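Please consider the protein shown below. The paragraphs that follow begin with single residues and then proceed to the chain as a whole.

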Amino acid sequence: MAQTERVVRQSVSIPTGLARRVRALAKTRKTSANRVLVDLIEAGLQSKEAEKERFISLVNRLTESRDAAERQQLKDELARMTFGE
């Protein structure tokens, strides 16, 4: 998070077990639970964006591919991303 960025206070309820894990992680990192939550949220958002970009890339490859075997492989991979194993 950039220092010049405006900060917004947000109240979030999380399960007890998750809160315990966040506090433990904060303690090992010698930082606040708030900082840990911000870092985890940022990492999660980046992960989701990367997953979306990978999906779009695979769709683009699928539409451009003329090789039947490659098309089937791409379809299988897209199905795994969409529906799981």
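Glutamate 77 has its place in helix 3, which covers residues 68-83; helices here are DSSP runs of H or I with at least four residues, strands are runs of E with at least two, and both are numbered from the N terminus. This is a predicted model, in which local features need pLDDT of at least 70 and side-chain atom pairs count only at pLDDT 80 or more, while totals for chains, interfaces and linings use all residues. Residues are numbered from 1 along each chain as its sequence is written, and side-chain values use heavy atoms, with hydrogens and water left out.

Is glutamate 77 buried or exposed? Its relative accessible area is 17%, so glutamate 77 is buried; the term buried applies under 20% relative accessible area, exposed applies over 50%, and partly exposed applies in between, with a 1.4 Å probe and protein chains only. Leaving aside residues up to four places away in sequence, glutamate 77 touches Arg54 and Leu58, where contact means heavy atoms within 4.5 Å.

Threonine 82 also has its place in helix 3. With a relative accessible area of 46%, threonine 82 is partly exposed. Threonine 82 and phenylalanine 55 are 27 residues apart in sequence, and their C-alpha atoms are 9.0 Å apart in space.

Beyond the end of this helix, glutamate 85 lies in the segment after helix 3. The relative accessibility of glutamate 85 is 91%, so this residue counts as exposed.

Serine 65 belongs to the loop between helix 2 (33-64) and helix 3. Which class of accessibility does serine 65 fall into? Serine 65 is buried, because its relative accessible area is 5%. Its side chain makes a polar contact of 2.8 Å with the side chain of glutamate 70. A polar contact is a pair of N or O atoms within 3.5 Å; within protein, one atom must be able to donate a hydrogen and the other to accept it, and residues adjacent in sequence count only if both atoms are side-chain atoms. When residues up to four places away in sequence are not counted, serine 65 touches Glu70, Arg71 and Leu74.

Another loop, between helix 1 (16-29) and helix 2, holds lysine 30. Lysine 30 has a phi near 55 degrees, a positive value in a residue other than glycine. At 77% relative accessibility, lysine 30 counts as exposed.

The whole chain may now be considered. The secondary structure of the protein consists of three helices and zero strands, and from the N terminus on its elements run α-α-α. The protein is more spread out than a compact globule, because its radius of gyration is 19 Å, well over the 12 Å that the globule rule gives for 85 residues. The radius is taken over C-alpha atoms, and the rule is 2.2 Å times the number of residues to the power 0.38. The C-alpha trace spans about 55 × 35 × 25 Å along its principal axes.

Of the 85 residues in the protein, 12% are buried. Among contacts with a separation of 6 or more, 18% join residues 24 or more positions apart.
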